[in-house]
Amino acid sequence: MRAIEFQEYGGPEVLRVVDAEVPEPGPGRVSVDVAWAGVNFADLKARSEGYRVPALPHRPGLEVSGRVRAVGAGVTGLAVGQEVAALTEGGAYAEVVVVDAVTVFPVPAGVGLRTAATLPTVLPTAYALLHSVGRLQPGESVLVQGAAGGVGTVAGQLARAAGAGAVYGVVSSQSKARYAREHGYDEVYVGDVEADPGTDGLPAWVRAATGGRGVDLALDAVGGETFRQSLASLAVFGRLVSFGNASSAEPWHVGQPELYPGGRSVGGFSVLSLARTSPADLRALAERAFATAVDGTVTLPVTAEFDLADAAEAHRLMGTRASTGKLLLRVG
């Protein structure tokens, strides 16, 4: 079978097409004939700096859609030939991948395999950020960093469906701002949300948009300085949920000086970590999240697709920060 591997860390050029043996599933695992594989920013971090890479060579990729090829001992509820979407710990850039059965989800009725490949990471993540961790209430305001990305696209729509009073986004270009406004956002700021020195620290743009109040919930996948800006954007009793560190900055340490004065709180979420620590909760979360795609509450546009052999081109596009929505690899 064909697969994409890298044997050293670096730019997109380190991705190589290799011939590999077809893997067989062990107990509790399932092999999937891959139709589509999702491209995520975590794949770029794996390739460039070893994020979640246990050893080299490594096959990137965290999500697939396809058909069950074989099931290992002890697996129930899945059958050979069944259409599924799956969350993987790596290896999705291949014609066949083996995954834990607990992270394999039957494709909902009426959803095609192309759309199904967009579901495993983005939908559960956005749903958890807003509801399970962020605990968004009707009438509250939301600020999303990276509003035009996959999670941002879904988060804007979910926030609107949940009755958010206002949904604000931050993007890096005017074209992304136009895209975000089409997916649930009321106002979109282009550039970094910088604190306003000499006042209360609330970013000037956030102050103007919220009448000086700040936002009730902020979602941040960038980390570093952007994390600090998101924290500064919170209203009294506001919540910040971190779900990534795209900046690769040193983690921020938040404590009493930042949280006590306004009764603010900080939470975190990783769909991959939840898959390891509590797969039953992941399955329940995924079921609720996938339902929003089935009933039309959210849509996640596939804005670019590439052949498996052109995975490096997909990484180049995502690395330019010019992409929106979801990028996919055509595999089977």
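This is a predicted model: local features need pLDDT of at least 70, side-chain atom pairs count only at pLDDT 80 or more; totals for chains, interfaces and linings use all residues.

Colleague: Which residues lie nearest the centre of the largest cavity?

Modeller: Tyr-51, Arg-52, His-58, Leu-62 and Glu-89, out of 14 lining residues. A cavity is a set of points, on a 1 Å grid over the protein atoms alone, where a 1.4 Å probe fits but cannot get out, and lining residues have an atom within 4 Å of a point.

Colleague: What's the volume of the largest cavity?

Modeller: About 110 Å³, where a volume is the space filled by probe spheres set on the points, and grid points are joined across faces, edges and corners. The count comes to 1 cavity of 30 Å³ or more.

Colleague: And which helix gives the largest share of that lining?

Modeller: Helix 1, with 3 residues. Helix 1 and helix 9 (271-277) each supply at least two. Helices are DSSP runs (H or I, at least four residues), as are strands (E, at least two), numbered from the N terminus.

Colleague: Back to Arg-52, what's up with its phi?

Modeller: Phi is near 55 degrees there, a positive value in a residue other than glycine. Arg-52 is in the loop between helix 1 and strand 4. At 28% relative accessibility, Arg-52 counts as partly exposed, because that term covers the range between buried (under 20% relative accessible area) and exposed (over 50%), with a 1.4 Å probe and protein chains only.

Colleague: Where does Pro-57 sit?

Modeller: In the loop between helix 1 (41-49) and strand 4 (63-71). The peptide bond from Leu-56 to Pro-57 is cis, with omega near -5 degrees.

Colleague: Which residues of helix 1 are buried?

Modeller: Asp-43, Leu-44, Lys-45, Ala-46 and Arg-47. Their cover includes strand 3 (29-39) and helix 11 (311-319). After helix 1 comes Gly-50, with a positive phi near 85 degrees.

Colleague: What about helix 11, which residues are buried there?

Modeller: Ala-311, Ala-312, Ala-314, His-315 and Met-318. They cover an arc of only 155 degrees around the axis, so they are on the same side of helix 11; the arc is that of the directions from the helix axis to the C-beta atoms.

Colleague: Switching topic: which residues touch the most other members of the largest nonpolar core?

Modeller: Leu-123, Leu-130, Val-142, Val-154, Tyr-185 and Leu-219, in a core of 54 residues. Helix 3 (residues 122-133) gives the most to this core, with 7 residues. Apart from it lies another core, of 34 residues, among them Leu-44, Val-68, Val-84 and Ala-314. A nonpolar core is a set of buried Ala, Val, Leu, Ile, Met, Phe, Trp, Tyr and Cys residues joined through side-chain atoms within 4.5 Å.

Key:
Residues are numbered from 1 along each chain as its sequence is written. Side-chain values use heavy atoms; hydrogens and water are left out. On a 1 Å grid over the protein atoms alone, a cavity is a set of points where a 1.4 Å probe fits but cannot get out, and a pocket is an open set with protein on both sides within 12 Å along at least five of seven lines; lining residues have an atom within 4 Å of a point. Contact means heavy atoms within 4.5 Å.
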